[in-house]
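Please go through the briefing below with the sequence and the structure side by side. The points are grouped by topic.

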Amino acid sequence: MNKRKFYYLLGIAGSLFCYCYYAIYKLLGTHSPQTGIDFERGCIAAGNFLSGRPLYDMPAGVDQYFYFPPVTLLYLPFTPLSPGNAKLAWFWLSQILVLLSLWLAYRLGRGKDPLRALFAVCATAASSTPLYAMLHNGNINVVLFSGLAALYTCLFYGRTKLAAWALALFAAIKIFPAILLGVLVRARDKAALRHVLLAAALLLGLSVSVFNIGPNLEYLRHLPSMNRYSGTLHVMSLTFPLKIFFPGLSVSALFFSHLLFLAGLLFWWWETGRKSGTEPASPGQLAADTFALTLIMILAMPPAWLMYGALLIVPFYFVILAMLGDIRRFKYPAVFLGAFIFINCWEFLYYHLPLPVVNLTARQLQFAREAHPLLHDIIFSGHFIATFAILWWVMKNYRQLEISFGDMADFTRQKAACGAARS
């Protein structure tokens, strides 16, 4: 056995141990009040629907439920169970979705070196503390996570109409993923965009017919209030540094700041893609656009909690895999790797890494803000800075990413064609 193979096998074993410890053993043994809290709100809403109470009527002490009414149907199968058993069932369902998603991602990138791909996907997922946070809270983002793995699969195989239905579903679950429709807009895929409109019409029809018009209007009224938690709680978007450095900023000023910021990011992405000179709507271009727009969504989405970093696992895996093949093809690899480590390993750093000069961990600094206000504000703006740094890196390496993702897509389709021919 050569050294490279040995190190890959060692890394895979270490990653599996880390995942089993942090994503299964530790979460099952955690009796925090936050365990399954997001899932609990969905079950309360489902109970409201079954009993005829107002859908968005939450008990005292429970945060507002912000989801489009049909999302509540996903929680109905869990309502006959006790709260503890319902959370446990959702936890294991989430684990299945995560593992299936990682398997899909692995198959897309395995290429000619399956061991390297297995190491890359295991290491990327096992180091993702946002993934652990998502599983801990029981957040429905796990559906978006698995949906993104399916979306990349559709794009690699050129099935954009199926991708359109996935994107419409994403936007129904949480409205901000509608930004990802930019992938189809820039590809000028009119057929796929018609499928988006059809899916949206069907979802809206389902919502009105099952829940009536009242809850749908209430959902729209509640959307702006999502922003009230940002700043109080740590998020990855522009909201957090704005609220830290400009605490007196009005709601309307915050809204227009995000709108202008989003417009600027979208223009930057559009121009970068236009100048790349690659084949329009190629699988590599579609995948690179999906990566860029996911980052833009997180940066411009006010309530982009830290767990949203889990939505970057699949493209992170593609990049890590490509770097293991030949890191020299990319510009500024240290920028990507530094931001990747910050986003993925934040919880480890937060609890255990002493900061220079002050000799405090980030957690201790959070409770000593008055003593070190500037350092606190910089450190806790780090997720926004790191996410923006990765977007900058993607723009600088747009052409290289298109080629790398395109090579993976070509091999995946060739392998599928060979398998179909043999059968």
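This is a predicted model: local features need pLDDT of at least 70, side-chain atom pairs count only at pLDDT 80 or more; totals for chains, interfaces and linings use all residues.

Y332 sits in the loop that links α14 (313-326) and α15 (333-344). Its phi is positive, about 50°, although Y332 is not a glycine.

**Another loop residue with positive phi**

- N359 is also a residue other than glycine with a positive phi, in this case near 55°.
- The loop that holds N359 runs between α16 (346-352) and α17 (362-366).
- N359 counts as exposed because its relative accessible area, 59%, is over 50%.

**Overall build**

- The protein consists of 20 helices and zero strands by secondary structure count.
- Its radius of gyration is 22 Å, close to the 22 Å given by the globule rule for 423 residues, so the protein is as compact as a globular protein of that length.
- Along the principal axes, the C-alpha atoms fill a box of roughly 60 × 55 × 45 Å.
- Buried residues make up 52% of the 423 residues.
- The accessible surface comes to about 19,600 Å², and 67% of this belongs to carbon and sulfur atoms.
- Of the contacts between residues at least 6 apart in sequence, 75% join residues at least 24 apart.

**Nonpolar core**

- The largest nonpolar core contains 139 residues.
- Helix α13 (residues 283-300) gives the most to this core, with twelve residues.
- The residues with the most contacts inside the core are L131, F291, Y317, F318, F336, I390 and L401.
- Beyond its neighbours within four places in sequence, Y317 is in contact with A105, Y106, G109, R110, A117, A120, V121 and T124.

**Helix α2**

- Helix α2 covers residues 37-51, which is 15 residues; at 1.5 Å a residue it should span 21 Å, and its end C-alpha atoms are 21 Å apart, so the two values agree.
- Which residues of α2 are buried? They are D38, F39, R41, G42, C43, I44, A45, A46 and N48.
- These buried residues pack against two other helices, α3 (83-109) and α5 (129-137).
- An α-helix has 3.6 residues a turn, so residues three or four places apart point the same way.
- G52 follows α2 and has a positive phi, near 85°.

- L151 belongs to helix α6 (residues 141-156).
- Is L151 buried or exposed? L151 is buried, because its relative accessible area of 2% is under 20%.
- Setting aside neighbours within four places in sequence, L151 is in contact with A163, L167, F170 and T290.
- H376 is found in helix α18 (residues 373-379).
- H376 is buried as well, because a relative accessible area of 6% is under the 20% limit.
- Not counting residues up to four places away in sequence, H376 touches L365, Q366 and R369.

Conventions:
Residues are numbered from 1 along each chain as its sequence is written. Side-chain values use heavy atoms; hydrogens and water are left out. Helices (H or I, at least four residues) and strands (E, at least two) are DSSP runs, numbered from the N terminus. The expected span of a helix is 1.5 Å times one less than its number of residues. Buried means under 20% relative accessible area, exposed over 50%, partly exposed in between (1.4 Å probe, protein chains only). Contact means heavy atoms within 4.5 Å. A nonpolar core is a set of buried Ala, Val, Leu, Ile, Met, Phe, Trp, Tyr and Cys residues joined through side-chain atoms within 4.5 Å. The radius of gyration is taken over C-alpha atoms; the globule rule is 2.2 Å times the number of residues to the power 0.38. Accessible areas come from the Shrake-Rupley method with a 1.4 Å probe; for residues, only the protein chains shown count as cover.
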